[in-house]
Amino acid sequence: MKEAASKHIESILKDYHWMMNSIKILRDSMKDAGEGLTAQYGIEAAMPKMQGTTSDPVYKETVRREKRYKKIAQYEEKVKLIQLLIPLIEDDREGEVLHWLLEGKSYRWIGLHMGLSHTNIIRIKDSIVDQLSTNVPYVPNEPKLNKRKSAC
C-alpha cells in the first residue's frame with residue numbers, strides 16, 4: 001500500500017506542473033462552449049442519416065467537451081491531493097525542493113540553484129515523497145495500461 005502511494009505521489013509531483021497548465025488552458029477553452037456551432041437545417045435536416053451514430057455536430061461537440069470536463073476533474077483531484085499535503089513538509093530545504101519540483105524544474109536545475117548535486121536533490125525528493133505518502137488518505141485506482149508484448 002505504501003509503495004503504491006509513493007509511486008502515486010511521485011507521479012503526481014512529476015506531472016504537477018503540466019497538469020496545472022492544462023487545467024488553466026482547458027478551463028479557458030471551455031468558456032466559449034458551443035459557440036459557432038449549428039445543427040443542420042433546411043433540406044439537409046430532412047435527409048436520412050447514417051444508422052448507429054449521430055451526425056449532429058452540436059451533440060458531438062457536447063460529448064467531446066464532456067470528456068474534457070472529466071479530464072479536468074481528474075487533474076484537479078490529483079493537484080488538490082498534493083496541495084493538501086504540502087504543509088506536511090516543514091524542513092526549509094525540502095520545502096524549497098518541493099516548490100521547484102512543482103514548478104517543473106529539473107533535478108539539475110534545482111541542484112544548481114541550491115548549490116547541491118542533482119543526486120542530493122533526488123534524495124531530498126525521495127524524502128519528500130516518503131513524508132507525503134505516509135499521509136495519503138487513499139490511493140485512487142489508476143487505469144492500468146496494457147502491456148505490449150515485444151515483437152521478438
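How are helix 4 and helix 6 oriented to each other, roughly perpendicular or roughly parallel? In the predicted model, helix 4 and helix 6 are roughly perpendicular to each other. Helix 4 spans residues 92-102 and helix 6 spans residues 118-133, and the two pack at an angle of about 95°. Since angles of 65 to 115 degrees count as roughly perpendicular, this value falls within that class. The axes of the two helices lie 10 Å apart. On the side of helix 4, the residues that take part are Arg93, Glu94, Val97, Leu98 and Leu101. These meet Ile121, Ile124, Lys125, Ser127, Ile128 and Gln131 of helix 6. Sorted by class, the contact of helix 4 with helix 6 comprises six nonpolar, two polar and three charged residues.

These two elements belong to a protein whose secondary structure amounts to six helices and zero strands. Along the sequence, the pattern reads α-α-α-α-α-α. Of the 152 residues in the protein, 26% are buried. Among contacts between residues at least 6 apart in sequence, 70% join residues at least 24 apart.

A further helix pair is formed by helix 1, residues 2-30, and helix 3, residues 57-85. The axes of helix 1 and helix 3 come within 8 Å and cross at roughly 135°. Helix 1 is therefore oblique to helix 3, as an angle over 145 degrees would be needed for the roughly antiparallel class. The crossing of helix 1 and helix 3 is left-handed. By class, the contact of helix 1 with helix 3 contains 17 nonpolar, four polar and five charged residues.

Aromatic pairing was also examined. A pair of aromatic rings is described by the distance of the centres and the angle of the planes. The count for the model comes to two aromatic pairs. One of them is formed by tryptophan 18 and tyrosine 75, with 5.3 Å from centre to centre and 90° between the planes. This arrangement is edge-to-face, because planes over 60 degrees apart are assigned to that class. Tryptophan 18 lies in helix 1 and tyrosine 75 in helix 3, 57 residues apart, and the pair thus links distant parts of the chain.

Tyrosine 75, with a relative accessible area of 14%, is buried, since the cut-off for burial is under 20%.

Terms used. Residues are numbered from 1 along each chain as its sequence is written. This is a predicted model: local features need pLDDT of at least 70, side-chain atom pairs count only at pLDDT 80 or more; totals for chains, interfaces and linings use all residues. Side-chain values use heavy atoms; hydrogens and water are left out. Axes are lines fitted to C-alpha atoms, for helices over the stretch in contact, and angles run from 0 to 180 degrees between N-to-C directions. Helices (H or I, at least four residues) and strands (E, at least two) are DSSP runs, numbered from the N terminus. Angles under 35 degrees count as roughly parallel, over 145 as roughly antiparallel, 65 to 115 as roughly perpendicular and the rest as oblique. A crossing is left-handed if the near helix is turned anticlockwise from the far one by less than a right angle, and right-handed if clockwise. Ala, Val, Leu, Ile, Met, Phe, Trp, Tyr, Cys and Pro count as nonpolar, Asp, Glu, Lys and Arg as charged, and the others, Gly among them, as polar. Contact means heavy atoms within 4.5 Å. Rings of Phe, Tyr and Trp (its six-membered ring) pair if their centres lie within 6.5 Å; planes under 30 degrees apart count as stacked, over 60 as edge-to-face and the rest as tilted. Buried means under 20% relative accessible area, exposed over 50%, partly exposed in between (1.4 Å probe, protein chains only).
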